[in-house]
Amino acid sequence: MPEFLAIPIKSSSLTYEPYQFSGESYFFWLWRVEIDGEVFSKTMSPIQASDARVERYGCTNCGVAGDGTGFYAVRRLGGRVVWIYEELLDFETVREFENLPEFFVFDRNDYGAMLGAGSDAELPELTMSEMRTLILRYLPPASLGLYINPECPYDPSGSALLKHVHLVLSGSGDITPVSEPPERPIEIRIGLDLPGAPECCWFVGKNDAGTCAMFAAFPKLPCWLGGQQIATAFDTPGIERLLPQGEN
Ligand SMILES: [Zn+2]
């Protein structure tokens, strides 16, 4: 049995407390919601597992769903459910990298069980264009690269790789989830010049179909990806020299 790397992206937990809110002329229900133990919203509109759109701040005048603010798109991705700040899917919206709203990942089984009503099977799947948008949104600008691990003599800060991946994935082509993960992938980390010194954490390897990559942090997308653009992005001499040779 070959050993495959489990996707190293933790699923978040979600808890909620419904309460009755007194609006202008009648009562309605709102939720106090915590994600991973931190307050996400004190006035969230009640949600079901089948809702493709959730409203972080429900309207406290009328309580009518859709009248509030802070919408998240809800999508299925393999065994996970993801919440994407809706505005980020629109490329016209300008957002500084340092102030991007968080992208949430939940376990699909937990999600349905936590919310009770509605089935997550009804949620739309994350599309290829949404995947591309998410990757590009959360891919750090090259100027933030501090170091790359494993070390690369031609690209000591990792900035060249950040720039290359951004350029390739901004073009047209296909990025597709792959069901067969690569054996013995390598891990690439790029230190970022941000508070707390976070790192990009990516995995790259080859399966029978070619080069695959997984973005575990900066950006974060819980699945293995393949396709022509992933190959172009990662078939670089710097990465080729790190991959195990002669197996495929
Ligand atoms: Zn209202």
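Q: In which loop does Ala-197 lie?

A: Ala-197 sits in the loop between strand 10 and strand 11 (199-207). Helices (H or I, at least four residues) and strands (E, at least two) are DSSP runs, numbered from the N terminus. This is a predicted model: local features need pLDDT of at least 70, side-chain atom pairs count only at pLDDT 80 or more, and totals for chains, interfaces and linings use all residues. Residues are numbered from 1 along each chain as its sequence is written.

Q: Is Ala-197 buried or exposed?

A: Count C-beta atoms, placed from the backbone, within 10 Å of the residue's own: 20 or more others means buried, 12 or fewer exposed, and anything in between partly exposed. Ala-197 has 10 such neighbours, so it counts as exposed. Its phi is positive, about 45°, although Ala-197 is not a glycine.

Q: Which phi does Arg-184 have?

A: Arg-184 is not a glycine, yet its phi is positive, about 45°. Arg-184 belongs to strand 10 (residues 183-192). It counts as partly exposed because it has 13 C-beta neighbours inside 10 Å.

Q: Where is Val-64?

A: Val-64 lies in the loop between strand 4 (53-57) and strand 5. It has 12 C-beta neighbours inside 10 Å, so it counts as exposed. Val-64 and Val-105 are 41 residues apart along the chain, and 26 Å separate their C-alpha atoms.

Q: Which peptide bond at Pro-150 is cis?

A: The cis bond joins Asn-149 and Pro-150, with omega about 0°. Pro-150 is in the loop between strand 8 (145-149) and helix 3 (159-170). The bond from Phe-218 to Pro-219 is also cis, with omega near -5°. Pro-219 lies in the loop between strand 12 (210-217) and strand 13 (221-226).

Q: What are the domains of the protein?

A: Domain bounds come from an automatic or database domain assignment. Here the assignment gives domain 1 (14-124) and domain 2 (129-240). Their centres, taken over C-alpha atoms, are 29 Å apart.

Q: How many residues of domain 1 are in contact with domain 2?

A: Two residues are in contact if their C-beta atoms, placed from the backbone, lie within 7 Å. By that rule, 13 residues of domain 1 contact 11 residues of domain 2. On the domain 1 side, strand 5 (69-77) and strand 6 (80-85) are the elements that give two or more residues. That side divides into 9 nonpolar, 1 polar and 3 charged residues. Ala, Val, Leu, Ile, Met, Phe, Trp, Tyr, Cys and Pro count as nonpolar, Asp, Glu, Lys and Arg as charged, and the others, Gly among them, as polar.

Q: Which residues have the most contacts inside the largest nonpolar core?

A: A nonpolar core is a set of buried Ala, Val, Leu, Ile, Met, Phe, Trp, Tyr and Cys residues joined through C-beta atoms within 7 Å. The largest has 46 residues, and Trp-202, Ala-213 and Leu-225 have the most contacts inside it. Strand 12 gives the largest share of this core, 5 residues. Both domain 1 and domain 2 give residues to this core, so it lies between them. Among the residues that Trp-202 touches are Ile-188 and Phe-215.

Q: Which residues of helix 1 are buried?

A: An α-helix has 3.6 residues a turn, so residues three or four places apart point the same way. In helix 1 (residues 108-115), the buried residues are Tyr-111, Gly-112 and Leu-115. Seen down the helix axis, they fall within an arc of 95°, so they line one face of helix 1. The arc is that of the directions from the axis to the C-beta atoms. These buried residues pack against strand 6 and strand 7 (104-107). Just after helix 1, Gly-116 takes a positive phi of about 70°.
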